[in-house]
Amino acid sequence: MDAVVRSIAIYLFLFVVFRVSGKRTLAQVTTFDFVLLLVVGEATQQGLLGNDFSVTNAFIVIVTLIGVDVAMSVLEKRVPKLGKFVEGLPVVVVEHGKPVQEAMRKARLDEMDILEQARSSQGLERMEQIRFAVLERSGQVSIIPEK
Amino acid sequence: MSHDGLEVNDSASFASSEWRVQRVAWAAMLVVVVAALSGLFGPGPLSHETVASDDGRLRADYLRFARFGSPSALNIIADPDLATGGLLELRVSRDWLERMQVENVLPPPSDVTIAGSELVYAFPVVEPGRRIFVTFEVTPDAIGTASASLGAAAADVEFAQLVYP
C-alpha cells in the first residue's frame, strides 16, 4: 500500500514544485537548471522505493506513476480550465523588436537569452529583426522573424 | 490579448496571478528550508532535546522530530547510584520499542527480560561511582507520535517523538 501512496505523493509534489518554480527551470536554460534536473532524479529515488528492493515494488511504483500521469492528462482534457493551471499560458516577451520589460522580468529572461534563441532557431542577428518572441508553455522561447 | 496579427492565447491577468503564486511559493520554499535547518523536520537545534527525571538522576537525550527510516540515537545518562548489585536495570516501554527498529544497544546488555509493558535491559557496571552512558541506535519504523517511558530504580523519564513519513 505504501508504494502507491509514496508514488502518488512524490509525483504530485514534484509536479507542484516544478510548476511554481517557473518556466525557466523546465526548459533547462542554464547549467544550474540542467544540474538540478539531474540531481532531483537521484533525490527522488530513495523516497520512491524506500528500503524495498523487490521487483514487485518497482512494478507497483512504475504502474502507479504512469497511471497518475495518464489520469492527469485525461483530467486536463475533460476539464479545460485545469489545462490553464497545469500548463500555464504563453507570454509575449518581444513585440516588434522591443522587449516587453515587465513580462521578461517576471519570466526571469533577459535580452541575451532572447537573442541567443533568435540566433540558434532563426539565424537572426539583432533584436530589431524579431517581430515577436513568445515564451511558450514548455519554457522554450519561439522566435517569429520580421518579414 | 491582441498582438497585431499574432494568434496567441496569452492573458495578462493570468500571467499576473501566476506570478503572484510563484512568489508565494518561493517564500514558502524558503520557510521550509529555514525550518529544516532549524531542526523542525529532523536533526537540528529545535529537535535535540534532553529530559531528566525529577531527581535528575536519569537523563535522556533524544530527537524531538525524527524521520521514518532515518537512524537516530537515544542517549541515556544514569547516575551511578541507580545501579544495584553491579547491574543497571533500565526499563524501556514496549510501545516505543515497537515503533522503532533497534539497530544497536551500546554497551550490549547482558540480559533483556520482558516485564509486562516494558522490556528491562540489564547492563553490568564494572566501575561503581561513575556515571553510566547507554546508547540505543534506533531507526523509526512507524510514522506519527512515538511516546516513550524509561526508568531505572526510582527515576523515570518520559518523552515523545514525532516521526515524519
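**View 1. A:I8 in its helix.** A:I8 lies in helix α1 of chain A, where helices are DSSP runs of H or I with at least four residues, numbered from the N terminus. Because its relative accessibility is 32%, A:I8 counts as partly exposed, a class that lies between buried (under 20% relative accessible area) and exposed (over 50%), with a 1.4 Å probe and protein chains only. This is a predicted model, in which local features need pLDDT of at least 70 and side-chain atom pairs count only at pLDDT 80 or more, while totals for chains, interfaces and linings use all residues. Residues are numbered from 1 along each chain as its sequence is written, and side-chain values use heavy atoms, leaving out hydrogens and water.

**View 2. The contact between chain B and chain A.** Counting heavy atoms within 4.5 Å as contact, 22 residues of chain A and 17 residues of chain B take part. Together the two chains bury about 1700 Å², 64% of it on carbon and sulfur atoms; buried area is the accessible area (1.4 Å probe) that two parts lose on being put together, summed over both. In chain B, the residues that lose the most area to chain A are B:L6, B:F14 and B:W19, together 32% of what that side buries.

**View 3. The salt bridge between the chains.** The count between chain B and chain A is 1 salt bridge, meaning a side-chain nitrogen of Lys or Arg within 4 Å of a carboxyl oxygen of Asp or Glu. B:E18 forms a salt bridge with A:R19, and their closest N and O atoms are 2.7 Å apart.

Key:
Chains are lettered from A and ligands numbered from 1 in the order in which they are written. Helices (H or I, at least four residues) and strands (E, at least two) are DSSP runs, numbered from the N terminus.
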